[in-house]
Amino acid sequence: MTDRLPWQGVYDELGVEAPKFDDRTLGSLIAEHGKSLPDNVALQYFDREISYRELDELSNRLASGLQGLGVGQGDVVGIYVPNTPQYAIALAATSKLGCAGSGVSPLLAPGELVHQIHDAGITTLLALDALANATLTRLPEIPESLVRVIVTGATDHLAPTALAMPDIQGLECINYLEFLESASAEFDPHPANGDDTWMIQYTGGTTGAPKGAELTVRNIMYNFRQSSTFEPWQIGTEVLATAFPMFHIAGLSIAVAAMSNAARILLIPDPRDIEFFCRQMIRFPPTRIAAVPALYQMLLDQPLIEEIDFSRLKIAITGAAPLTAADRESIEARIGEGTLSDLFGMTETGPVHVCNPTQRSKVGSIGIPVPGAETRIVDLETGTQEMRFGEPGEIITTGPHVMKGYLNLPEESENSLREWRGRTWMYTGCLLY
């Protein structure tokens, strides 16, 4: 093994290096934007525009209200809503409180929901009224940790209507809008600590029950800087178009990146509504897009795509599945040549540790490690022998993007996070042939 790694030449050519971490949290950055760029739109929800001043105030109110209920560092708030303003507000509020959040998929069955609430120790659940009535009322048991549900409607930040509050024995059910209105718009954020657990994100559970990856403030806030090294965000000028759900690590990461850089996020609550997605991009031409290959194909199949102005598009992120050379060609023929960038990673790595820079995109490759992420290929038997170029093995990675561990699973954590050459590496289980 040589000291100079193969991808260092690309770093040198493109003039990039590992980003520095300044320990500012999402909440503190939103507070800064609320003062320096108060009228910039943060969240575009249908026709509703929520500015950074308003996002700062709303997240202050939610944080203040939760603090009044005794929620603070060490507690976990579950976020059980689709891509609506409430999700972004909750992310900022948990960041300001210094407590942990946990994205809860609206697709979970009642038993799966019980598992996550119990495993994460969720005490407060922010839930969409439709989900609360359809699923929470059918739980086989109420997890002991859960104390209250804050119930919100999909139109609470559009045209509020009366909510059908669920009746769940043993749980306090709170009206979201009334809760915000009664809370203070002033809040003193919790001091930043990069090692604090911020989000407990659950994996798919393909090898058993879903596991909660403990992601720290540094994991998430550093990783989006790593993944955008090759195409840095421009503060206050960008428009993000994505249908990635925020309860998924990809949607969480790109949303945090956008808000941290005072961008306008086009909120798409239903990723299957391609016509709506296109109409929003027609109204607000994107500078960044993030989607899976299948969604790009669905966009190409929608006639409205011809009306979208892609002249400002800098980068179109793709991941979660391979993109064929033919698909890449057809997508870029419409959105712009040299705009697609493949990303590779997993929940446990914050998520990105490999990407295909648009400037040096290589068809058939997932790219190179992002700056600040060390990545190696090791043997499957011992995990301690680095493989030669072209030889198969397991992908491992280390750096500030790697999770703290799996919640309540010390053996799983020990198996995945191993010491090698004096550092802790994430053994991804992803094989390279």
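A residue counts as buried when its relative accessible area is under 20%. In this predicted model, A262 has a relative accessible area of 2% and is therefore buried. A262 belongs to the loop between α9 and β11. The phi angle of A262 is near 55°, a positive value in a residue other than glycine. Most residues other than glycine have a negative phi.

A positive phi near 55° is also found at R421. R421 is part of the loop between β20 (417-420) and β21 (423-432). The relative accessible area of R421 is 48%, so R421 is partly exposed, whereas A262 is buried. A further backbone feature is the cis peptide bond that joins G350 and P351, with omega at about 5°. Most peptide bonds are trans. P351 is located in the loop between β14 (340-345) and β15.

The chain as a whole contains 13 helices and 21 strands. Its radius of gyration is 21 Å, close to the 22 Å given by the globule rule for 433 residues, so the chain is as compact as a globular protein of that length. Along the principal axes, the C-alpha atoms fill a box of roughly 60 × 55 × 40 Å. Of the 433 residues, 58% count as buried. Contacts between residues at least 6 apart in sequence were also sorted by separation, and 70% of them join residues at least 24 apart. The chain carries 30 positive and 54 negative charges, and the mean positions of the two sets are 5 Å apart.

In α2 (residues 26-36), the buried residues are L26, G27, L29, I30, A31, H33 and G34. The elements that cover these residues include the helices α3 (52-68), α4 (85-97), α8 (217-227) and α9 (249-260), together with strand β8 (197-202). Helix α8 is mostly covered, with 10 of its 11 residues buried. The buried set in α8 consists of V217, N219, I220, M221, Y222, N223, F224, R225, Q226 and S227. These buried residues pack against the helices α2 and α9 and the strands β8, β9 (212-216) and β15 (352-355).

Strand β11 (residues 264-266) contains R264. With a relative accessible area of 19%, R264 is buried, since the cut-off for this class is under 20%. The side chain of R264 forms polar contacts with the side chain of Q44 at 2.6 Å and with the side chain of E49 at 3.3 Å. When residues up to four places away in sequence are not counted, R264 touches V41, A42, Q44, E49, E238, V239, L240 and F284.

Two loop residues were also examined. D156 is placed in the loop between β6 (148-152) and β7 (172-175), and its relative accessible area of 5% makes it buried. The side chain of D156 makes a polar contact with the side chain of T152 at 2.7 Å. The D156 side chain also reaches the backbone nitrogen of G153, at 2.8 Å. Not counting residues up to four places away in sequence, D156 touches Q86, L163, Y176 and L177. Of these, L177 is 21 residues from D156 in sequence, and the C-alpha atoms of D156 and L177 are 7.1 Å apart in space.

T203 occupies the loop between β8 and β9. Its relative accessibility is 14%, so T203 counts as buried. Leaving aside neighbours within four places in sequence, T203 is in contact with P210, K211, T347, E348 and Y406. T203 and Y406 are 203 residues apart in sequence, with a C-alpha to C-alpha distance of 9.9 Å.

Note on methods. Residues numbered from 1 in each chain as written. Predicted model: local features only at pLDDT ≥ 70, side-chain atom pairs only at ≥ 80, totals over all residues. Heavy atoms only, no water. Buried < 20%, exposed > 50% of the residue type's maximum accessible area, 1.4 Å probe, protein only. Helix = DSSP H or I, 4+ residues; strand = E, 2+ residues; numbered from the N terminus. Contact = heavy atoms within 4.5 Å. Rg over C-alpha atoms; globule rule 2.2 N^0.38 Å. Lys, Arg positive; Asp, Glu negative; His and termini not counted. Charge placed at Lys NZ, Arg CZ, Asp CG, Glu CD. Polar contact = N/O pair within 3.5 Å; in protein donor to acceptor, adjacent residues only side chain to side chain.
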